[in-house]
Amino acid sequence: MAIFDPTTLPTLVISLISIAVVLYAVISIKRGKEFTIREIPGLKAIDDAVGRATEMGTPVLFTPGWGGDIQRPTTIASMNILSSVAEKTAEYDCRLIYPTHDPVIMAVAQEVVKEGCLKAGYPDRYRADDIFYITSSQFGYAAAVDGIISRTKPASIFLLGTFEAESLIMAETGNAVGAIQIAGTDSTIQLAFFIVACDYTLIGEELFAASGYLSKNKSILSSVKAQDILKLLIALFITTALIWATIDPKSSWWKY
Amino acid sequence: MRVKIPLAICFLSGAIMFIQYFSRHPLAKAVYNGILDWWQIIFAFTLFVGVAAFIKSGLKSVSWSKARPSTGRKTDAPYKAISLVGLALMPILALAGGTKFGSPFLWVFDNMQAPMQSTVFSLLAFFVASASFRGFRARTIPATILLISALFVLLGRIPVADYFTESLAKATFWIQDYPSMAARRAILIGIGLGSMTTALRVILGIERTYLRGER
Amino acid sequence: MTNLKTRWIIFASLLALAVISYSITIKLKIRPSPQVQKTYDYIENLPESSAIVVSFDHEASSLPEIKPITQVILRHAFRNNIRIIGMSLFAEGTAIGYSMLTRTAGEFGKSYGQDYAFLGFKPQHISAILGMGESMRGVFPEDYLGTPIDSIPLMRHIDNYDSIAMVISIADGDRAVQWIEYAGARYNQKILAGLTAAMITTYDPYLNSGQLFSVVGGLKGAAEYEMLYGQPGSGSRGLLAQSMAHIFIIALIIIGNVIYFKGRAGKKGRG
């Protein structure tokens with residue numbers, strides 16, 4: 001019985017190249033090479049958003065959307081931003097409300113926020129009741145978040161994670177109460193809604209770069225650099241295949 | 001140890017799932033099927049966590065103790081009460097009358113839950129209208145191009161377009177299939193790479209947010 | 001005009017338009033799109049007694065838009081004596097799927113266990129999709145009604161994806177993407193999606209690359225399929241309201257821009 005499945009060879013080659021690029025970036029940064037990330041307006045505005053909520057005496061609302069669970073990279077990326085927001089809200093003694101549709105995300109978020117309060121030096125400002133599970137039903141969750149927004153009128157709303165059809169419902173409700181909204185998602189459809197309805201939108205991998213941007217952690221910055229290198233390689237491959245397919249339309253080496 | 005053991009489990013699980021994908025060996029398949037089964041079992045237990053957390057927070061909201069004004073808990077109380085009634089009612093109906101065709105459970109689902117959810121979904125149409133009115137302004141040249149494309153697509157996606165000209169539907173499909181798809185693919189590639197590197201960071205233990213908020 | 005007042009005028013006008021559209025009957029000219037034609041032709045040409053999986057991967061909220069698509073596809077399959085294995089990767093889709101499958105089967109005098117079966121809901125959709133590629137009875141040892149799989153005549157010769165002609169995912173989100181990425185990529189299973197209109201563009205890259213066989217999307221897709229099937233239904237009925245809503249939004253965009261340019265001209269005049 002063969003150990004290796006030959007039909008998966010192209011996937012293996014691409015995976016190994018990707019891992020090699022990531023490791024190269026990690027080693028480069030350990031050897032002292034400097035990587036910087038350009039300014040991301042949505043992330044730069046986090047301070048202002050939390051400050052605004054503190055001045056107005058209203059809470060900050062942060063929700064990860066209905067579409068994903070904790071294993072999804074988008075949810076992990078949103079947790080990184082939550083960590084930063086939790087530190088700032090603890091520092092300014094501003095209430096942070098975190099409704100979610102998944103009990104595991106709720107449990108992780110509680111730990112993240114508790115850790116954030118601890119890092120800020122105010123562990124007593126952690127309120128477990130403000131991080132809660134609503135329902136796993138999409139529009140039950142959307143209706144509940146809308147209700148919370150309408151009643152508590154948060155000054156700042158963070159919509160970061162995997163969203164589906166509920167995105168515009170929440171974003172428009174936030175807009176109606178006059179909140180500053182920072183959004184980011186991996187869904188291209190919902191991105192369009194967020195761009196129209198929100199003040200700042202993290203597009204594409206800006207959401208995943210947040211971890212490195214906010215923490216300035218070298219290991220994480222290196223993986224962001226690795227993404228850029230891989231994108232360059234993909235662009236090179238597409239250009240080569242494009243030219244080759246134009247010259248020789250019957251060619252198929254670039255397909256698999 | 002508190003951090004090292006979960007990191008080791010994460011690394012081993014990630015490595016095993018990665019390696020088994022490339023193998024046809026019966027051992028790889030057995031490991032893979034075993035992990036899938038355990039995945040289902042673990043998920044089932046998380047549902048209990050969710051229900052317990054919901055009941056706890058609901059009961060706190062509707063309790064007779066004096067609510068702290070800053071939490072706004074009192075204003076949530078009626079909604080939480082209704083939610084708790086619903087949470088209790090549905091399993092009772094399912095256990096008492098079953099879930100087959102014509103049962104009370106299915107009746108409540110078809111005549112209460114489904115219409116309520118559809119109602120919230122239908123809000124999207126109203127919000128799309130108000131967002132379109134607010135958002136589609138020809139402030140710059142790219143915004144104007146976007147606006148014209150939107151008008152083409154809105155008209156081309158309805159049968160009314162056929163009464164004007166067949167070219168409208170063709171233009172709509174062209175916009176969807178070429179410029180729109182190109183932009184979407186570029187964003188998807190970026191998102192795919194971001195997801196991959198985030199997953200790799202989690203497996204290698206560089207990313208530890210899921211552990212205790214540590215980065 | 002204040003923001004709030006404007007919002008209420010827009011909402012009230014849209015509501016009035018939708019109500020009026022549903023109250024009148026106008027037959028619209030419908031031409032089937034290539035995707036809907038492809039779907040219809042494939043199901044029409046499937047040999048009798050072929051088995052397909054229909055996965056109800058949606059919630060109750062999208063029922064008004066999804067139900068017309070589901071109903072016409074189920075009717076077409078039953079009319080052609082194709083055997084249907086229903087299931088759901090969404091808790092809510094279970095009750096909806098079971099209800100719709102049973103009702104539609106009743107219209108054609110089909111019997112449970114012989115012509116159709118409903119396997120129920122499986123949480124952790126990725127592991128369920130992957131598991132079905134190895135063994136369906138491993139993922140669903142019993143059906144929705146608690147009957148062991150092996151005692152259902154329809155399921156006796158169904159082992160995994162090799163035993164079925166296609167998977168139809170009726171989705172209002174990205175669940176069909178997981179079918180494509182796991183069942184399609186790993187097991188080469190043919191996948192067809194029935195979707196809400198808002199989700200169609202999400203699946204365009206998969207359609208173009210051939211990873212997704214075809215799509216029936218929104219009320220328009222349902223109306224086109226109903227036209228091919230030869231029996232108008234709720235898809236055709238809802239199309240007028242949808243068309244009116246689109247025209248209303250176009251009008252709003254034009255009015256919004258007129259107000260914007262007038263305001264800009266006024267500022268320039270004063271400046």
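**Notebook: contacts within and between chains**

I looked up chain A against chain C and found 8 residues of chain A in contact with 8 residues of chain C; contact here has the C-beta atoms of two residues, placed from the backbone, within 7 Å. This is a predicted model, where local features need pLDDT of at least 70 and side-chain atom pairs pLDDT 80 or more, while totals for chains, interfaces and linings use all residues. Residues are numbered from 1 along each chain as its sequence is written, and chains are lettered from A and ligands numbered from 1 in the order in which they are written.

On the side of chain A that touches chain C, α6 (138–152) and α8 (188–197) each supply at least two residues. Helices are DSSP runs (H or I, at least four residues), numbered from the N terminus. By class, that side of chain A has 3 nonpolar, 4 polar and 1 charged. Nonpolar covers Ala, Val, Leu, Ile, Met, Phe, Trp, Tyr, Cys and Pro; charged covers Asp, Glu, Lys and Arg; the others, Gly among them, are polar.

Next I took helix α7 (residues 166–176) of chain A, whose axis comes within 9 Å of that of α8(A) and crosses it at roughly 5 degrees. Axes are lines fitted to C-alpha atoms, for helices over the stretch in contact, with angles from 0 to 180 degrees between N-to-C directions. α7(A) and α8(A) are therefore roughly parallel (angles under 35 degrees). From α7(A) the contact includes L168(A) and A171(A), and from α8(A) it includes F193(A) and F194(A).

Last, I checked chain B, where the domain assignment (automatic or from a database) gives domain 1 (1–97) and domain 2 (136–215). Their C-alpha centres lie 32 Å apart.

Key
Parallel < 35°, antiparallel > 145°, perpendicular 65-115°, else oblique.
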